[in-house]
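Okay, thanks everyone, let's get going.

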Amino acid sequence: MNRLIAIFAAQKDSYMFGIYVHVPFCRSRCIYCGFYSTTSLAHRDRYVRALCDELTEYSGKLDGNVATIYFGGGTPSQLSLDHLSSVMTNIRDNYTIDASAEVTIECNPDDINEDYLSGLRSLGYNRLSMGVQSFDDSRLTFLRRRHSSTQAVKAVELAKQAGFDNISIDLMFGFPGQTLDQWKDDIHTALSLGVQHLSAYSLMYEDGTRLTEMLDKGAVSEIDEELSVLMYECLIDEAESAGFEHYELSNWALPGHRSRHNSSYWHNIPYLGAGAAAHSFDGKKRWSNPTSLTEYLEGMEDKRLQREYEQLSTNEIYDEYVMTGLRTKDGIDLNDLTERFGYLMTDYLMNNAETHIKGGRLELINGSNGHNIIRLTRRGLFVSNDVMSDLMYI
């Protein structure tokens, strides 16, 4: 752990950073999920103690304010209010939290009730992210989700009644056999709920998941690519018509409600990750905790946790800067690019961008700060991986 302390001790400049807390517990496993999680709930007390020990370990090594706190999973709402109180108290005791900090917790709709929401509010959570995925019960059953469409709608209403005015819901599209009209129904239901943020993803077939196993056995078939594109275009149009800003490839927000925590990832802002499988980043280095509940718990308890470290080269940092910047509506600020990487890399990017600018996949505009910005056009959204690859220094 001395190596970990040295990383932050070497950079005592004041800045804003984020804290991510990974909660790996799930009551049941969804067939598509590739994130680290466990359905064994027996060690929640022990895990919370380990989280607090890890957060304390970092205390005093970061000279700056916490701008965002994000509890992700897994299913963070599988922790009790007492569990969450212990972690939040530890963070307040050990870090300076900005007065306007965004504090998010991911919740399953069926975990939500009036008392739990009231408790979250009292603990300082001011943003909810709900894993709805669909408002069609047959598709929820297919995914092995625990909640029903009725519970999802009720959960949003209860959250609003509890005083939450920053609510995000996750949606999925591209289910086997799903039609465009069925997807429109999901979009319209989501927009009718009065939420402030939407995240939407095409159903992905990740290695090692039950869904991919079903695909390999021929039990399900991937949706037609052309239909998937139409579904994505439909979401863009419907969300923007409702006043949502398409600020990142998979995210839409009403004005003032972008996810500040996730935006920090896309803008290369340092963050600290605590918990099993959690990652941290200081701008030049990345490190991660073991993807194993047992290894994490035993490592924290005997103070010999084995983390993996990665020192990023300048070229790797540039590639990540390009990839994350182009994911966003803000795009890449060419002045900032030059300050970070020099004129040669800016020339490299612009030379490789020329074909895409002429082809209407990228645009060069004057940003609100007076700087030149390069970003994807709507046409470029659908070939974003190809465009990013061409601009990266691989």
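Let's start with Arg307 and Glu54, and both of these are buried. Buried here is under 20% relative accessible area, exposed is over 50%, and partly exposed is in between, with a 1.4 Å probe and protein chains only. Before I go on, this is a predicted model, where local features need pLDDT of at least 70 and side-chain atom pairs count only at pLDDT 80 or more, while totals for chains, interfaces and linings use all residues. Residues are numbered from 1 along each chain as its sequence is written, and side-chain values use heavy atoms, with hydrogens and water left out.

So what joins Arg307 and Glu54? Their side chains meet in a salt bridge, 3.0 Å from N to O. The rule for that is a side-chain nitrogen of Lys or Arg within 4 Å of a carboxyl oxygen of Asp or Glu.

As a reminder, side chains of opposite charge can pair when their charged atoms come close.

Here's another one: Lys329 and Glu245, with the closest N and O atoms 3.4 Å apart. Lys329 is in the loop between H12 and strand E13 (332-333) and Glu245 is in strand E7 (residues 245-248), so this bridge ties together parts 84 residues apart in sequence. Lys329 comes out at 37% relative accessibility, so we call it partly exposed.

Then there's Glu213 with Lys217, where the closest N and O atoms are 3.1 Å apart. Glu213 has 34% relative accessibility and so counts as partly exposed, whereas Lys217, at 62%, counts as exposed. And if you like networks, salt bridges link Arg27, Asp110, Asp111 and Arg146.

Okay, on to the rings. The structure has 17 aromatic pairs. For a pair, rings of Phe, Tyr and Trp (its six-membered ring) need centres within 6.5 Å; planes under 30 degrees apart are stacked, over 60 edge-to-face, and the rest tilted.

Take Tyr318 and Phe341: ring centres 5.6 Å apart, planes at 85°, so that's edge-to-face. This pair links distant parts of the chain, with Tyr318 in helix H12 (residues 314-326) and Phe341 in helix H13 (residues 334-341), 23 residues apart. Tyr318 is buried, at 0% relative accessibility, and Phe341 also counts as buried, at 15%.

Next, Tyr348 and Tyr393 have ring centres 4.8 Å apart and planes at 70°, so they're edge-to-face as well. Tyr348 is in helix H14 (residues 343-358) and Tyr393 is in the segment after helix H16 (384-391), so this contact ties together parts 45 residues apart in sequence. Are these two buried or partly exposed? Tyr348 is partly exposed, with a relative accessible area of 25%, and Tyr393 counts as partly exposed at 37%.

Last stop, helix H7 (residues 180-192). With 13 residues at 1.5 Å a residue, H7 should span 18 Å, and its end C-alpha atoms are 18 Å apart, which agrees; the expected span is 1.5 Å times one less than the number of residues. Which residues of H7 are buried? Trp183, Asp186, Ile187 and Ala190. They cover an arc of only 95° around the axis, which puts them on the same side of H7; the arc is that of the directions from the helix axis to the C-beta atoms. On the other side of H7, Asp181 and Ser192 are exposed.

What covers those buried residues includes strand E4 (127-133), helix H5 (137-143), strand E5 (167-173), strand E6 (197-202) and helix H9 (225-241), with contact meaning heavy atoms within 4.5 Å. And just after H7, Gly194 takes a positive phi of about 80°.

Methods
Helix = DSSP H or I, 4+ residues; strand = E, 2+ residues; numbered from the N terminus.
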